[in-house]
Amino acid sequence: MANQQPLTSPAAPLRVGSLFSGYGGLDLAVEEVFNARTIWFSEINEPVARVFSHHWPDAPNLGDITTIDWNTVPPVDILCGGFPCQDVSTVGKKAGLKPGTRSGLWSHMAAAIDALQPEWVVIENVRGLLSAPAIRANLEGDDDEQGNPEHAIPDDATPRSMEPGPWHLGETATRPLRAAGAVLGDLADLRYDAQWIGLPASAIGAPHPRYRIFILAHRALPNAARVGRFSGWGEFATGEGAPGHDRAESSNHRPRPPRAERVPACRGTREPVVVDRAAIRRWGRYAEAVTRWEQITGRAAPSPALLGNDVGPRPAPAFVEWLMGLELGWVTTPMLELSVNQQLAALGNGVVPRQAAIALSQLRS
């Protein structure tokens, strides 16, 4: 990547600002790869914010991203976030990336980038980002919804081997602009060089696919003044942000373990796995995948289901937590007083830390 600078000395870790924070899976990866620390976060879901505050007790929750005044927010070196995926997911609403949708909250993350000008930007989202359409709001005074002239090549120009007009930039009805293209285009408008990678969790040894897109962007202009981005997403909320002391309080402020313990090492994902008979009896055709993840995470798989008299089997939160490669009790500790449904919702929307760490390491190499 162009213009890369040395990270920092161990005595001065980079500062991370976290958006759409969830339980902090992406933050764990960013902290490991960049030798960084998260100094504030933004999460609107109170039970999930409780999880984040439990593990980052010194980081205030800025609350609703649509009401934050970025001029009052402490500066950061890295801004990370996985904006809502409901409208770009292949199993979601498929409304696309556009104003008025939850996935359209990307515009507020772009506004944060514009205001804060971090050195690095880290974005995570689902595979549908590559295929979902993106629709930009009409610019003031622009009668052409697509914003392109009918012909890109002047009449007196010689096309040679170039493609003829009309333009083929992914903004025609037959080749619509995709969500990933819109995000990368906005980053370019903001003067960021960006790379992306698609990676399934199974590639790092997890017993499930969970394909995710990771984008790593680096500021192209050092100490750039707020150069601004192409205003194609409509107006942003400008309400005053929270004063910085409204974070969800954890039930105790236990010290953070060393970073190496927070993101399990990725050991031997390609080596053959020896599966014993007990594992085969318990897991059947999934025995090899489960055994491999047990070896990688360093702990045995919990019971996969909860059984009740009134309802059928349902996923056990502790098992889903293990599938995500989190340390025991990261979400399921009784200290947080989350219901089973709240635990499953938090885990289902989260990021596999080791998967994100491997992806970011690849993008930085």
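Which helices do the buried residues of α9 pack against?

## Helix α9

In this predicted model, local features need pLDDT of at least 70, side-chain atom pairs count only at pLDDT 80 or more, and totals for chains, interfaces and linings use all residues. Residues are numbered from 1 along each chain as its sequence is written, and side-chain values use heavy atoms, without hydrogens or water.

The buried residues of α9 pack against α2 (46-55) and α8 (317-323); contact means heavy atoms within 4.5 Å. Helices (H or I, at least four residues) and strands (E, at least two) are DSSP runs, numbered from the N terminus. In α9 (residues 340-348), Gln343, Ala346 and Leu347 are buried, that is, under 20% relative accessible area with a 1.4 Å probe, protein chains only. These residues line one face of the helix, because they fall within an arc of 95° seen down its axis; the arc is that of the directions from the helix axis to the C-beta atoms.

## The sheet

An open sheet of 6 strands has the order β2-β1-β3-β4-β6-β5, with mixed pairing; two strands pair if DSSP finds at least two bridges between them. At the edges stand β2 (36-42) and β5 (192-199), each with a single partner strand, so one side of each lacks a neighbour in the sheet.

Strands β3 (residues 78-81) and β4 (residues 120-126) run parallel and are joined by 4 bridges. Cysteine 80 has valine 122 in β4 as its bridge partner.

## Nonpolar core

The largest nonpolar core has 35 residues, of which Leu26, Val30, Phe34, Ile78, Val122 and Leu360 touch the most other members. Such a core is a set of buried Ala, Val, Leu, Ile, Met, Phe, Trp, Tyr and Cys residues joined through side-chain atoms within 4.5 Å.

Note on methods. Buried means under 20% relative accessible area, exposed over 50%, partly exposed in between (1.4 Å probe, protein chains only).
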